[in-house]
Amino acid sequence: MDKAIVVENLSKKYGNFEAVKNISFNIKKGTIFGLLGPNGAGKSTTIKMLTCQSNPSSGTAYVGGFDVLIDSAEIKRRIGVVFESQNLYEELSVYENLNFFAACTALRKKK
Ligand SMILES: Nc1ncnc2c1ncn2[C@@H]1O[C@H](COP(=O)(O)OP(=O)(O)OP(=O)(O)O)[C@@H](O)[C@H]1O
Ligand SMILES: [Mg+2]
């Protein structure tokens, strides 16, 4: 499989509002891909679906061959995400922050 990401007819609705409408694209392994668009185009919503933070309303997406709806735990174990804004808890230590977010994303402890 030479595709890192496969997106097919992906849509996301918030109520009746279509934030992402029927998008399809592939990203080849080993490439750097930028998702560009004006404010409100649906970039963050698309990334949220690909990083399994939000379920698509319809369509399918595969990350590393795993389905975002079926294999979200496998995807979360394999990807890294840098968020737009700071998401750390200041009252927790670095270790506690790492532990907390690792637990949220179903990351396994090293054996
Ligand atoms: N949780 C939500 N509930 C309702 N509407 C939402 C929600 N999140 C995003 N939207 C709407 O969906 C559309 C796409 O938003 P999104 O944040 O994906 O755009 P974006 O391309 O990332 O924009 P920006 O360049 O400003 O970051 C916008 O109209 C936004 O207001
Ligand atoms: Mg955004």
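**The sheet and its surroundings**

Guide: Let's take the sheet: it is open, has four strands in the order β2-β1-β3-β4, and its pairing is antiparallel. β2 and β4 are the edge strands, each pairing on one side only. Before going further, a word on what you're looking at: this is a predicted model, where local features need pLDDT of at least 70, side-chain atom pairs count only at pLDDT 80 or more, and totals for chains, interfaces and linings use all residues. Residues are numbered from 1 along each chain as its sequence is written, while chains are lettered from A and ligands numbered from 1 in the order in which they are written.

Strands (E, at least two residues) and helices (H or I, at least four) are DSSP runs, numbered from the N terminus. Two strands pair if DSSP finds at least two bridges between them. In general, strands of a sheet pair through backbone hydrogen bonds, either parallel or antiparallel. Here the chain has four strands and three helices, and along the sequence they come as β-β-α-β-β-α-α.

β2 (17–28) runs antiparallel to β1 (3–14), and eight bridges join β1 to β2. One of the pairs to look for is Lys 12, whose bridge partner in β2 is Val 20. β1 and β2 make a hairpin with two residues between them, and in that turn Gly 15 has a positive phi of about 65°.

On to the next pair: β1 and β3 are also antiparallel, over five bridges. Ile 5 has Val 63 as its bridge partner in β3, and Ser 11 has Ser 58. Then β3 hands over to β4 (residues 66–67), antiparallel again, with two bridges. Tyr 62 stands opposite Asp 67 in β4. These two strands form a hairpin as well, with two residues between them, and Gly 64 in the turn has a positive phi of about 60°.

What packs around the strands? Start with α1 (43–50), whose buried residues are Thr 46, Met 49 and Leu 50. Seen down the axis of α1, these fall within an arc of 100° (taken over the directions from the helix axis to the C-beta atoms), so they line one face of the helix. By buried I mean 20 or more other C-beta atoms within 10 Å of the residue's own; 12 or fewer is exposed, anything in between is partly exposed, and C-beta atoms are placed from the backbone. The cover over that buried set includes β1, β2 and β3. Just after α1, Cys 52 takes a positive phi of about 65°.

Cys 52 also turns up in the largest nonpolar core, which has eleven residues, including Val 7, Leu 10, Val 20, Met 49, Leu 50 and Ala 61. Such a core is a set of buried Ala, Val, Leu, Ile, Met, Phe, Trp, Tyr and Cys residues joined through C-beta atoms within 7 Å. β1, α1 and β3 each supply at least two of its residues, and β3 gives the most, with three. A contact here is two C-beta atoms, placed from the backbone, within 7 Å.

α1 gives the most, with three. To be in the shell, a residue needs its C-beta atom, placed from the backbone, within 6 Å of the molecule. Among the residues there are Tyr 14, Phe 17, Ala 19, Gly 40, Lys 43, Ser 44 and Thr 45. The shell divides into four nonpolar, six polar and one charged, where Ala, Val, Leu, Ile, Met, Phe, Trp, Tyr, Cys and Pro are nonpolar, Asp, Glu, Lys and Arg are charged, and the others, Gly among them, are polar. Gly 40 sits in the loop between β2 and α1, and counts as exposed because it has 9 C-beta neighbours inside 10 Å. Its C-alpha atom is 9.6 Å from that of Val 20, 20 residues apart along the chain.
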